[in-house]
Amino acid sequence: MAGFRPPKPEPKPGGAPFWRVLPMWLRDGLSVLSDKAYTMKMGQVRMPTRTFYMLNDPPLVRRVLAERADNYPKDEVLGFMLRRLMGDSIFTSNGATWKRQRGMMNPAFEAARVKDVFAQMLDATRDMAARLDTVADGRPYTIDVETTHVTADIILRTIFSSTMEQGAAERVFAAFNEFQEIAFAHGMLRIFRLPTFLSPRHARAGRAAREIRGLLEPMIRARLERIARGEAVPARDILAAMLEARDPTDGTPFSFEELYEQVAMLFLAGHETSASALGWTLYLIAKQPEVQARLLAEVTAVLGDRQPVFSDLRGLEYTRAVFREALRLYPPVAFIARTPIEGECLRGKDVKPGSIIFVSPWMLHRNRNHWDAPDEFDADRFETERGAEAARCAYLPFSMGPRVCLGAAFALQEATLILATLIRRYRFEAEPGHEPQPVARLTLRSANGIVLRLTRRNADAQAAAE
């Protein structure tokens, strides 16, 4: 029996002329992929302005992202897209700047050890449940707004020891969705070396970036003012660690602008990718009652009717497997761009400096040469010999190499706790007639939202009793 095949854009015919491909590129990165993209090892596209390469072969991917990472820094287009939002942060910088930032940021990441932040995550999930309890049973609800809220709340608690209110969460969700749509189009124009005035929404992107900055900057200034007044401040959150960070060579601290840029990076990277993955996970669960029932059985067996503790997370193996499979089908960052400093021969092709190499987790995770039934949901695939081998070589939801996501363990713990909380409390159903449309911009989101129906499980029990 065939498994569930969640939404995936239909492959496009290959060989389309540049003028027909460009409008699709400006919308999202998935709309231009042909069927061949899911089986090839390395593709080459010659454009009038630059040459592009698409890698879909594990040894090539490892060479670019890990073995020869210094020769393949992040392409400048990422910094161009994100500069208005997070400046020259560790997420976009390269070379000596990145190494300095990484050396200063390591203590901050230590402040977010998964065991130490478990209590903050648990408090945020309780607040999430309280918000969802106000949603009428069976009413259509755009769940990716809530996944954005809870993940933003968690990262704010770990950075600032503060919470996020509903209004602020909704503004961040709307502002970042607008920002990434415009920034992605501008970035694609930049890649093709075309003027960004061809996209008329430059000012709107700036307003969206200022909306997010207006949330974060006052929180940083408030902490600095409390310190200046000699007031007690949290000693173990990420902001405290960043204020103590010093350049390993000259001992200087972050300037205010550098501090803001790193905080903005942590906030956005720390919640947006998790929010995307959780939204898709809940959709996958809602479409498969048997998966949902199995999750509930596991959560009930591990937790019973008590609140979870840190050690419980080890027992939620199937919950983690479901999330891992969601990350395979819908990796939050679908495309990773690199530019070679020195030319190199890859699979017989002379890759010159200045060209762009795309590594695509989306394509690699659906490569038919490595995965069985790659477009189908199967959380048990990682337990098979072929699935385990594919997971070792063709699975990179958090990238790989020296720039691997440092928040991977944080994200897995956060997702497991949130999913366990939601599954125990609610039954999820997909909204009839609504199918989310995956689009890959800065992150992989649904162009039309993810709409589900929630029913409180205690309400089911009451109805059965009556």
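**Ground rules**

I noted that this is a predicted model, in which local features need pLDDT of at least 70 and side-chain atom pairs count only at pLDDT 80 or more, while totals for chains, interfaces and linings use all residues. Residues are numbered from 1 along each chain as its sequence is written, and side-chain values use heavy atoms, with hydrogens and water left out.

**Salt bridges**

Side chains of opposite charge can pair when their charged atoms come close. I counted a salt bridge where a side-chain nitrogen of Lys or Arg is within 4 Å of a carboxyl oxygen of Asp or Glu, and by this rule the count comes to 33.

I then went back to Glu344, whose side chain meets that of Arg63 in a salt bridge at 2.4 Å, N to O. Arg63 lies in helix H2 and Glu344 in strand S5 (residues 344–346), so this pair ties together parts that are 281 residues apart in sequence. Helices (H or I, at least four residues) and strands (E, at least two) are DSSP runs, numbered from the N terminus. Arg63 is partly exposed, because its relative accessible area is 30%.

Next I looked at Arg50, which forms a salt bridge with Asp75, the closest N and O atoms being 3.7 Å apart. Arg50 is in the loop between S1 and S2, whereas Asp75 is in the loop between H2 and helix H3 (76–86), 25 residues apart. Both Arg50 and Asp75 are buried.

A further pair is Asp312 with Arg306, at 2.7 Å from N to O; here Asp312 is buried at 7% relative accessible area, and Arg306 is partly exposed at 36%. I also found a network of salt bridges that links Arg5, Lys8, Arg366 and Asp375.

I traced an open sheet of four strands in the order S1-S2-S7-S4, with mixed pairing, where two strands pair if DSSP finds at least two bridges between them. Strand S1 (42–46) and strand S4 (336–338) stand at the edges with a single partner strand each, so one side of each is left without a neighbour in the sheet. S1 and strand S2 (residues 51–55) pair in the antiparallel sense over five bridges, and I saw Met42 standing opposite Leu55 in S2.

An open sheet of three strands has the order S3-S11-S8, with antiparallel pairing. Its edges are strand S3 (140–142) and strand S8 (426–430), each with a single partner strand, so one side of each has no neighbour in the sheet. S3 and strand S11 (residues 451–456) pair over three bridges, with Tyr141 opposite Leu452 in S11.

**Helices**

How far apart are the end C-alpha atoms of helix H7? They are 37 Å apart, which agrees with the 38 Å that its 26 residues (166–191) should span at 1.5 Å a residue, the expected span being 1.5 Å times one less than the number of residues. Just after H7, Arg193 takes a positive phi of about 55°.

In helix H2 (residues 58–67) I checked Val64, which counts as buried because its relative accessibility is 0%. Ile227, with its place in helix H8 (residues 202–228), counts as partly exposed because its relative accessibility is 41%.

Note on methods:
Buried means under 20% relative accessible area, exposed over 50%, partly exposed in between (1.4 Å probe, protein chains only).
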